[in-house]
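The sequence and structure come before them.

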Amino acid sequence: PPPDDLFAWAKATSMSANMSVASDWAVMVLGATSAVGAYPWPPVLGCEAALWADIPGGLSLHFVRSQPYEQGMQPTIDAIAADVENTFLKEAVGAGRFTQHMYNSVIFTVDSIDPFLQRLTDNSLPFLFARSGSQYVVFAHIPGNGIHIQLR
């Protein structure tokens, strides 16, 4: 069958410390359309919650917060997200170095990274611009979430 039939629907799911910020970021930077996930929204105590961001072309980013999973979890999702963000800002943006957390990312191949760089810059959002062989790469961090996106 044609590839479109095999992958008629695709998603990338990330645990999210702040789903609203993550969804807003995807809309602002990636041109996504926000959508309510399959769980109650606004979040209900003791339930999972999710926001979806549908990317033009068929990929959906799912930002999930699982209160039942987090019960008793140490460190908390908020603490993990803060640590990842601090490392990204200090090491990647501040020193221009690749960090271990950047391996956990969704990679988008785009025709041009220019419009994405413009949106990130216009909105004062953190990113690392790098070169990998003959490719230019933007590593972007979704604030408050510990989630990374690569644009190539």
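## Helix packing

α2 and α5 are oblique to each other. The model is a predicted one.

Q: At what angle do helix α2 and helix α5 pack?
A: Two packed helices are described by the angle between their axes and the distance between the axes. For α2 (residues 19–30) and α5 (residues 114–122) the axes are 9 Å apart. The pair counts as oblique, and roughly antiparallel would require an angle over 145 degrees. The packing angle is about 130 degrees.

Q: Which residues of α5 meet α2?
A: On the α2 side, the contact is made by Trp25, Met28, Val29 and Leu30. The residues of the contact divide into six nonpolar, no polar and one charged. Arg counts as charged, and the α5 side consists of Phe116, Arg119 and Leu120.

Q: Which residues does Leu117 contact, leaving aside its neighbours within four places in sequence?
A: The C-alpha atoms of Leu117 and Val29 are separated by 8.7 Å, although the two residues are 88 apart along the chain. Contact is judged on heavy atoms within 4.5 Å. With the sequence neighbours left aside, the contacts of Leu117 are Phe127, Phe129 and Val138.

Q: Which strands stand at the edges of the open sheet?
A: The sheet has four strands with mixed pairing, in the order β1-β4-β3-β2. An edge strand here has a single partner, so one side of it is left without a neighbour in the sheet. Neighbouring strands are turned by 25 degrees against each other on average, direction ignored. The edge strands are β1 (10–15) and β2 (33–36).

Q: What is the bridge partner of Ser34 in β3?
A: β2 pairs with β3 (residues 48–54) in the antiparallel sense. In β3, the residue bridged to Ser34 is Ala53.

Q: What angle does the direction of α2 make with that of β4?
A: α2 packs on the sheet and touches β2, β3 and β4 (59–66). The direction of α2 makes an angle with that of β4 of about 165 degrees.

Q: How many residues lie between β6 and β7 in their hairpin?
A: β6 (residues 127–132) and β7 run antiparallel and are joined by six bridges. Leu128 stands opposite Phe139 in β7. Gly133 in the turn has a positive phi of about 65 degrees. The number of residues between the two strands is two.

Q: Which glycine in the turn between β7 and β8 has a positive phi?
A: Five bridges join β7 to β8 (residues 147–151), and the two run antiparallel. Val138 stands opposite Leu151 in β8. The hairpin has four residues between the strands, and the residue with a positive phi of about 70 degrees is Gly144.

Q: How many of the eight residues of β7 are buried?
A: Strand β7 spans residues 135–142. It is largely enclosed by the rest of the structure, because the number of buried residues among its eight is six.

Q: Which residues of β8 are buried on each side?
A: β8 is mostly covered, with five of its five residues buried. Both faces are covered.

Q: Which residue of β8 stands opposite Ile107?
A: β5 (residues 105–108) and β8 pair in the parallel sense over four bridges. In β8, the bridge partner of Phe139 is Gln150. The residue opposite Ile107 is likewise Gln150.

Q: Is Asn104 buried or exposed?
A: Asn104 is found in the loop between α4 (77–95) and β5. Asn104 and Thr87 are 14 Å apart, C-alpha to C-alpha, and 17 residues apart in sequence. The relative accessibility of Asn104 is 59%, so this residue counts as exposed.

Definitions and conventions: Residues numbered from 1 in each chain as written. Predicted model: local features only at pLDDT ≥ 70, side-chain atom pairs only at ≥ 80, totals over all residues. Heavy atoms only, no water. Axes fitted to C-alpha atoms, helices over the stretch in contact; angles between N-to-C directions. Parallel < 35°, antiparallel > 145°, perpendicular 65-115°, else oblique. Pairing = 2+ DSSP bridges. Buried < 20%, exposed > 50% of the residue type's maximum accessible area, 1.4 Å probe, protein only.
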